[in-house]
Amino acid sequence: MKKIKEMIKNTLFILIIILSFKILISYELAKTEYKSYEYIVKGNDTLWTIAGQICDKNDDLYIRKVIVDIKEMNKLEDSIIYIGQTIKLPIYE
């Protein structure tokens with residue numbers, strides 16, 4: 001009985017270590033860091049129009065993905081941007 005408890009304890013310990021490692025790796029892989037440049041928001045700019053201009057330069061991009069990247073880079077909770085606001089825009093290579 002004591003051996004079974006010890007074996008269960010060791011197995012749980014190993015599982016916790018493996019899961020922790022997996023979570024850390026997944027988190028690091030999910031964090032995509034892009035080179036960026038600063039852009040000053042102009043009169044009729046929206047995240048959609050800005051992302052559309054970026055997508056026009058790269059056929060492999062999807063506008064919604066670019067918008068999500070811009071929001072993450074600038075820690076925006078919504079899609080509201082203001083004239084004169086400086087935001088970072090990703091450079092996709």
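Helices here are DSSP runs of H or I with at least four residues, strands are DSSP runs of E with at least two, and both are numbered from the N terminus. This is a predicted model, where local features need pLDDT of at least 70, side-chain atom pairs count only at pLDDT 80 or more, and totals for chains, interfaces and linings use all residues. Residues are numbered from 1 along each chain as its sequence is written, and side-chain values use heavy atoms, leaving out hydrogens and water.

Q: Where is Lys75 found?
A: Lys75 lies in the loop between α3 and β2.

Q: Why is Lys75 called exposed?
A: Exposed means over 50% relative accessible area, buried means under 20%, and partly exposed is in between (1.4 Å probe, protein chains only). Lys75 has 72% relative accessibility, so Lys75 counts as exposed.

Q: What makes the phi of Lys75 worth a look?
A: Most residues other than glycine have a negative phi. Lys75 is not a glycine, yet its phi is positive, about 55 degrees.

Q: What makes a set of residues a nonpolar core?
A: They are buried Ala, Val, Leu, Ile, Met, Phe, Trp, Tyr and Cys residues joined through side-chain atoms within 4.5 Å. The largest one here has 16 residues, and Ile87 is among those with the most contacts inside it. α2 (47-57), α3 (63-73) and β2 (86-91) each give two or more residues to this core, and α2 gives the largest share, 5 residues.
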